[in-house]
Amino acid sequence: MTRQTRARRSLQALVVSIAALGLVATAAVPAGAAPTGSPTGSPSTSAPAPTDPSTPQPSASQPTPSATSTSAPGPEASATADPSTAPTPAPTTAPSTARGSSPAPTIAAPTAPAVDSWATKPYLGWSSYSMQVYSGDSKWITADQIIAQSDAMKTKLGKAGYDRINVDSGWNDGVDANGRPTPSATLYPRGLKKVIDHVHANGQKFGLYFIPGISPDVYEKAYPIANAPGCTTHDIVKQPLQQADYWKIGYRIDFANPCAQKYVDSIVDQLAAWGVNFVKFDSVTPGSGVSDLSLDARDDVAAWSKALKAKSIWFELSWALDIDYADTWKQYANGWRVEWDVECYCAGVALTQWDNIARLFPRAADWWRHAGPGGWNDFDSLDVGNGTMDGLTKDERRTATTLWAISAAPMYVGNDLTKLDQYGVDLLTNKEVVGVNQTGTPAQPVSTATDKQVWYAPNADGSYTVALFNLGRTDADVTANWSDLGLTGAASVRDLWAGKDLGTFDTTFTGQTVPIHGARLLKVTPKKGTAVALNDDAQRVQYTGAWTRNGGLEVPATTQQLPVAVGDSAAGQVPTPPASSRVVAVNDGDAGIVYSGSWGQSGGRGFGDFRDDVHYVEADGSSFQYTFTGTGIDYVTELDPSQGDVDVYLDGQFQKTVSTGRDAGQPRLAQQVAWSVGGLPNGSHTLRVVKKSGAFMLLDKLDVTLESLLQPDVAVFDKASPADVPVTLLRDGGELAGIVRDGSALKKGADYTVSGSTVTLRAQYLAGLPDGTAALGFQFRGDAHDDVHATTKDGDRVDLAFRGTGVSWIGDTGPDQGKAAVYIDGRLAKTVDTRSDARRTGRTLFSVDGLRDGDHRITVVKVSGDVLRHDIFQYTVKKP
């Protein structure tokens, strides 16, 4: 059969069903993928809950026919549209954006964002710093050592793609006549250039280490800056003199002076002449333990970036960068360290320790969406190459490698490469595992609220990489639910560490008896007919224009408890109104609190703590993190002379340094609010508290303030005079997913009814409750993963390239929204009106099936309205 014949038959068989708002969807929302953001504990469904027919729905605009002259037709907006009525216009780069004008009939594919060509993948290599610490000798980096590492890399790791040799601090010991650092003649008696040439001859690249600022000696001596007549190193220092780095080594440079950029340029010119391919820039602030802008190296970063980009030199920032400035780091750098050093600083004993690996999991959960081609999240050295020095068990070594791989973090080894054991070589060179890393799709966790964690990454080829981590203290089964990944249907599973196909699984896969601190790494491939739902922040989704994530435009899924006092006054049990449930106490042992560091728990203390227990930690830099949905939170702890300062972060932004200590001799105070915030936009927020000083940091509890979605927020039912209890919802009635009590769902229509925004609890149901206070959980839908992307600019677009036979656009409607144009394969398929009288989530706004099996693209373009939100694209797989 010819391609033309297949195309004609495809045209005859093409069944296109476009569902817009009030129309019936042809592709159901996947269960558990939760485009409706169903709260935990809600009854599971295989399709979105039906919209209450009493809830007004927005209307869809009439379809606009589009024409094609190709043999394989795209979807038509109407089954009766005549494709021969008009010629196909030349593609345009964007539809008309004038308010009130019609969208263009065709649209070109989006332009791929420009990225640094040398950083399209995370790098594979080696760094000297772990061995400098382990050996106790900062001068370990001699010419002979570097050459030996280069040769060992070529022999043992080269075929797997490792090709970078990076030398850390200590390589220089002076400056030249222009104030530029010069290599140590002691370490490199034949010159550093000879060493670099050897590295290059091995097919590898070479890197060096720098920090912000300029040394006092170089400032005082006023060296003339190379290729900058009239400029000296004295002229470029900021006045009055200011600290430039964490260690107070140098002075801050004044980049308002053009000579400052010329000085950085002169250093980079020298590096390029030597053949340097990589620069690690350490002590970058905000970050590096200082996030209050008392130190600020952003000008240094911008200047170095400008000079290094001109020479195609990789630019890596360090350490523990402040995530609130992630857009700055992404603009200027190719990588950024997200946490403190991985080394345990136990010279001669070990390179690292498990706690330093475990604390990376919450950082990876924070940072994953910021990494991609051009710039990567850096987890520091991967010290897994030799069991006698790593400081990790075999299972922990494999878990660390799995985390680096699935996070697309640069995999640079910290071991002495001349002493790798076979297990280490096997870990570092496993073709499929390294391939996961080089795919460059950072994974995200399903949840970090448990020590049995599932992380996943949707790949460009339609497969998923899935990691199962057991971070607990006993061997345990770890289960991946396909619905949590966004899959509805079966999928095949391959064990990447074992290199073995495991078969096809309908809805879940369980890694059995995953060892303590162990991991499994899987490739999951959707089978024929499986629906794949991609959240708005998936790397495969491409945005063009001024899109932002959340910013108060999202609606999180949430559950609000309605306390109902039940009694029988005729029997002497008079029900009294219970207390409001708007403030929820989260005890220190709650599974949702993520602890980083060597925390312990102490109970039965008798000091008046909430539930008589606390969590505690001694090491500075240790932290706890809690993600909550609400409008405020209180950090409650003890105040005691043994405690000190803590740094508080909210949603990744530094808030304040708070003292939890007391003067010597003062008594301990229990259940004290150390820090509090209120009036937040209702939504998902993350509190992180980091120990800064003192002998201990403690956590007693967190008090979370919830938005009230119920009026009233308490109820009373007297069996002596039974009556229905009406409750007004402060969100649209169609957003109520259900009501539960003790994990069991109430029956809609029998136990309660919904009319508009009024829920009526039936007296017959309430009469069957035991006397006392019953907690009824009102479960509200929300945006998938509690987030959306949104834009306010007409003409902005969002695209997804997929391979399948159908696709749906699932998103929000609201009074602030307007029309959007939907294109399939560049042709206008439908103009959709996303406006409604109330904010509603998880609506199937557009759907089409019957596409020819193959590669397609869906494009959604904002046409009108104040804002357009995007939540989910879902497509159907024909062939895996």
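## Close-up views of a predicted model

View 1. With a relative accessible area of 1%, I146 is buried. This is a predicted model, and in it I146 sits in helix α3, which covers residues 143-156. Leaving aside residues up to four places away in sequence, I146 touches I141, I165, V167, Y188, V195, V199 and F206. Have a look at H198 as well: I146 and H198 are 52 residues apart along the chain, and their C-alpha atoms are separated by 9.5 Å.

**View 2. Two tyrosine rings, Y123 and Y412, form a pair.** The whole structure holds 30 aromatic pairs. In this one, the ring centres of Y123 and Y412 are 5.5 Å apart and the planes meet at 15°, so the pair is stacked. Y123 belongs to the loop between α1 (3-13) and β1 (124-127), while Y412 belongs to strand β10 (residues 411-413), so the pair ties together parts that are 289 residues apart in sequence. Y123 is buried, at 5% relative accessible area, and Y412 is buried too, at 5%.

View 3. F505 is partly exposed, at 23% relative accessibility, whereas F509 is buried, at 6%.

**View 4. Six rings come together as one cluster.** Its members are W171, F210, W274, F281, W304 and F315.

**View 5. Charges over rings.** R164 lies over the face of Y123, 5.7 Å from the ring centre. K701 lies over the face of F610, at 4.6 Å from the ring centre.

Conventions
Residues are numbered from 1 along each chain as its sequence is written. This is a predicted model: local features need pLDDT of at least 70, side-chain atom pairs count only at pLDDT 80 or more; totals for chains, interfaces and linings use all residues. Side-chain values use heavy atoms; hydrogens and water are left out. Helices (H or I, at least four residues) and strands (E, at least two) are DSSP runs, numbered from the N terminus. Buried means under 20% relative accessible area, exposed over 50%, partly exposed in between (1.4 Å probe, protein chains only). Contact means heavy atoms within 4.5 Å. Rings of Phe, Tyr and Trp (its six-membered ring) pair if their centres lie within 6.5 Å; planes under 30 degrees apart count as stacked, over 60 as edge-to-face and the rest as tilted. A charge sits over a ring if NZ of Lys or CZ of Arg is within 6 Å of the ring centre and within 35 degrees of the ring normal.
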